[in-house]
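Good morning, and thank you for joining.

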Amino acid sequence: MLIPSFYVIPKDGKDGEFQWPKFSWGYPLGRDVVDLRAKYRSNKLRKTQLRTLESIGFIWYPVKFRQERVLKAIEIFSSVFGHCNVPQQFVIPEDPAFWPRYMWNYHLGWAVAMIRAGQKFVGIRDKACELGLQLRKRPRNGVSFDDLKAALQAFYSEHGHYDISIRFIVPPAAADGPKYPASMEGAHLGVLFSNVCKGLRFADRRAELEAMGVPLVNGLTRSFNSLLKALRGYRQWKKATDPKWIETAPFKMPLAFVVPADHKFFEPSLWGLQLGQRWSSLRRHNLFVNHHDVLIAEGFLDKAESEVIKRRMHLRQEQQRRRHAERSKRGDGAEEPPDLASIYSRQQRPSASRRAKSITNADEQR
């Protein structure tokens with residue numbers, strides 16, 4: 001029972017296919033879950049409360065649970081496939097013959113990639129190696145253009161597109177996998193490709209990549225295109241699975257919705273995407289303002305809400321300029337105030353969910 005600390009039961013009670021009782025609508029469940037864990041650590045829970053919570057599988061230490069889940073999943077993967085070279089896009093299927101129910105739809109490929117990169121689950125790194133997980137070798141400092149081309153071709157042969165996540169790391173060689181160059185093993189291909197798109201690497205050879213059909217668009221455009229594909233897939237998925245669902249503009253979606261591993265409606269590159277949070281952030285934090293026309297034409301956003309978002313952005317910009325003018329009068333600084341429109345078009349303002357996730361990540365690092 002891993003309930004995010006920011007989770008609030010939807011006001012209409014619908015969370016995917018599950019319907020919450022009416023008395024619980026709008027209840028901040030995640031906040032009280034955090035309080036229960038704090039009371040447990042300080043021995044403030046009654047014995048009857050402890051028995052009740054343990055009977056429903058309440059998790060007292062989520063960090064420890066996540067680590068043990070990853071180790072157990074790697075062990076099962078090894079027993080099923082005979083090795084621990086987990087593909088980065090691998091999501092645990094809903095197969096009760098091999099996988100426990102609490103692991104279903106977990107993005108194991110991402111977790112293994114984070115272990116190899118040393119970014120998460122640092123505390124279980126040695127235990128994962130004992131199970132047979134091979135850590136990636138450090139790539140050489142300089143990446144040649146030919147190696148980059150070969151890596152992009154291998155990525156395309158595996159996924160059928162060039163929508164490379166910024167977090168993508170070249171996996172180790174596998175007999176039945178794509179043929180990435182040996183020198184690129186462990187390289188942060190997502191970061192490298194992003195720099196190429198920005199013109200920071202191999203700027204004089206962009207024409208060769210474009211001739212291969214590689215779209216050298218910036219990260220914002222790629223992020224928006226991924227979001228648009230996910231929204232289209234969500235609409236088709238809801239129409240196919242929920243005959244009572246009514247499409248509205250602006251688009252409504254549960255905050256906790258995560259893209260499932262479903263080939264029919266979603267591309268593999270979208271699996272595990274926290275689409276509910278991304279869509280909520282777009283509507284609250286002025287993301288992709290320059291792409292509102294596309295969202296309106298697709299029926300995901302209406303003109304009235306688009307104008308509200310833009311007015312909110314201009315209001316924040318004016319507030320920022322007034323604060324800058326006040327600081328300039330006091331002599332605290334005389335630089336030109338930043339343009340909030342450009343700031344919000346380049347990066348996402350941290351939401352409450354992202355702040356909570358950063359705290360969890362820090363715990364996992366320990």
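Let me begin with Ser 281, which lies in helix α10; helices here are DSSP runs of H or I with at least four residues, strands are runs of E with at least two, and both are numbered from the N terminus. Please note that this is a predicted model, in which local features need pLDDT of at least 70 and side-chain atom pairs count only at pLDDT 80 or more, while totals for chains, interfaces and linings use all residues. Residues are numbered from 1 along each chain as its sequence is written, and side-chain values use heavy atoms, with hydrogens and water left out.

Is Ser 281 buried or exposed? Ser 281 counts as buried, because its relative accessibility is 2%; buried means under 20% relative accessible area, exposed means over 50%, and partly exposed lies in between, with a 1.4 Å probe and protein chains only.

Helix α10 spans residues 275-284, and its axis comes within 9 Å of the axis of helix α12, residues 303-330, the two crossing at roughly 65°. Axes are lines fitted to C-alpha atoms, for helices over the stretch in contact, and angles run from 0 to 180 degrees between N-to-C directions. Which residues meet there? From α10 they are Leu 282, Arg 283 and Arg 284, and from α12 they are Glu 305, Ile 309, Arg 312 and Arg 316; contact means heavy atoms within 4.5 Å. This set divides into two nonpolar, no polar and five charged residues. In that classification, Ala, Val, Leu, Ile, Met, Phe, Trp, Tyr, Cys and Pro count as nonpolar, Asp, Glu, Lys and Arg as charged, and the others, Gly among them, as polar.

**Overall composition and cores**

Stepping back, the protein has 14 helices and two strands. Of its 366 residues, 39% are buried. Among contacts between residues at least 6 apart in sequence, 53% join residues at least 24 apart.

The largest nonpolar core holds 25 residues, of which Leu 231, Leu 275, Trp 279 and Leu 295 touch the most other members. A nonpolar core is a set of buried Ala, Val, Leu, Ile, Met, Phe, Trp, Tyr and Cys residues joined through side-chain atoms within 4.5 Å. Leaving aside neighbours within four places in sequence, Leu 295 is in contact with Phe 224, Leu 228, Leu 231, Trp 279, Leu 282, Phe 300 and Leu 301. A second, separate core has 23 residues, including Ala 151, Phe 168, Cys 197 and Phe 202.

**Charged pairs**

How many salt bridges are there? The count is seven, where a salt bridge is a side-chain nitrogen of Lys or Arg within 4 Å of a carboxyl oxygen of Asp or Glu.

One of them joins Glu 298 to Arg 232, at 2.5 Å from N to O. This pair links distant parts of the chain, since Glu 298 is in helix α11 (residues 292-298) and Arg 232 is in helix α9 (residues 219-241), 66 residues apart. Glu 298 is partly exposed at 23% relative accessibility, and Arg 232 is partly exposed at 33%. Together with Arg 235, these two residues are linked in a network of salt bridges.

A further pair, Arg 321 and Glu 318, has its closest N and O atoms 3.6 Å apart. Both residues lie in helix α12, three residues apart, about one turn of the helix.

**Cysteines and a buried histidine**

With a disulfide taken as a pair of cysteine sulfur atoms within 2.5 Å, the count is zero. For Cys 129, the nearest cysteine sulfur is that of Cys 84, 9.8 Å away. Cys 129 is partly exposed at 31% relative accessibility, whereas Cys 197 is buried at 8%.

Finally, His 107 is placed in the loop between α3 (62-81) and α4 (108-117), and is buried with a relative accessible area of 18%. Not counting residues up to four places away in sequence, His 107 touches Gln 88, Gln 89, Phe 90, Val 91 and Trp 271.
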